[in-house]
Amino acid sequence: MSLLNDASGGKRVLEGMLIAVGTGFGLGTLPLAPGTFGSLLGLPLAWWLLRYPLAIQAFLAVLLIAVAISLCHYAALAVGGGDPSQIVADEFLLFPLAVFGLQAARNPWVMASALLLFRLFDILKPPPIHWVESWPGGLGIVADDALAALCTWVVMAGLLQLRRWQLKRTGQ
């Protein structure tokens, strides 16, 4: 009998795939800073997303949120429920939102700064970020990262605008 025809075998395969992707292919199981290491997977995704026009970025951002909610919900259930630290798909799928539409983020220093801010907001969880973390299931797992990405975007957009004004003022 084929593994895919066997209901319990197929379920094990699906759970294994959910756990693999949900843990960032094992990065989430690292003993130190699993969310930070998992977020690193979001760097190439963000870089790739920035090459598209805003309308396509917006569509893909909504798609990433929907995938993250479902994936994190079922991957978390597969490893015991709640918001386990080894599930890092929320970090790498939501980080691209932190640089949404910010073409300057294609500069490696800007992208690295956005990643650091994103992690800072995700770790410290200032209000309103910590308020949404208690929402049930995948929605709660992802909502705090969505707000961390939004806070990062606001700070990065503000800093980039200040830099543009400064350069314009100095004639550069």
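Here are some exercises on this predicted model, each with a worked solution.

Before you start, note that residues are numbered from 1 along each chain as its sequence is written. Because the model is predicted, local features need pLDDT of at least 70 and side-chain atom pairs count only at pLDDT 80 or more, while totals for chains, interfaces and linings use all residues, and side-chain values use heavy atoms, with hydrogens and water left out.

**Exercise 1. Get to know the chain.**
Work out how many helices and strands the chain has.

*Solution.* 
- Start with the elements: there are eight helices and zero strands.
- Next, look at the extent: the C-alpha trace spans about 70 × 30 × 25 Å along its principal axes.
- Then check burial, where buried means under 20% relative accessible area, exposed over 50% and partly exposed in between (1.4 Å probe, protein chains only). Of the 172 residues, 37% count as buried.
- Finally, take contacts, meaning heavy atoms within 4.5 Å. Among those between residues at least 6 apart in sequence, 70% join residues at least 24 apart.

**Exercise 2. Follow helix α6.**
Find which residues of α6 are buried and what they pack against.

*Solution.* 
- Begin with the length: α6 (108–124) has 17 residues and reaches 24 Å from its first C-alpha to its last, close to the 24 Å expected at 1.5 Å a residue. That expected span is 1.5 Å times one less than the number of residues.
- Look at the N-terminal end: N107 caps it, with a side-chain oxygen 2.7 Å from the backbone nitrogen of W109.
- Just past the helix, K125 takes a positive phi of about 50 degrees.
- Now list the buried residues: V110, M111, A114, L115, L117, F118, R119, F121 and D122.
- These pack against α2, α3 (42–49), α5, α7 (129–132) and α8.

**Exercise 3. Explore the largest pocket.**
Say which helix gives the largest share of the lining of the largest pocket.

*Solution.* 
- First, the term: on a 1 Å grid over the protein atoms alone, a pocket is an open set of points where a 1.4 Å probe fits, with protein on both sides within 12 Å along at least five of seven lines; lining residues have an atom within 4 Å of a point.
- The largest pocket holds about 170 Å³ of space.
- Its lining has 16 residues, with D83, S85, D90, E91 and D122 nearest the centre.
- Helices α2, α5, α6 and α8 each supply at least two lining residues.
- The largest share, three residues, comes from α8.

Technical notes:
Points joined across faces, edges and corners; volume = space filled by probe spheres on them. Helix = DSSP H or I, 4+ residues; strand = E, 2+ residues; numbered from the N terminus. Polar contact = N/O pair within 3.5 Å; in protein donor to acceptor, adjacent residues only side chain to side chain.
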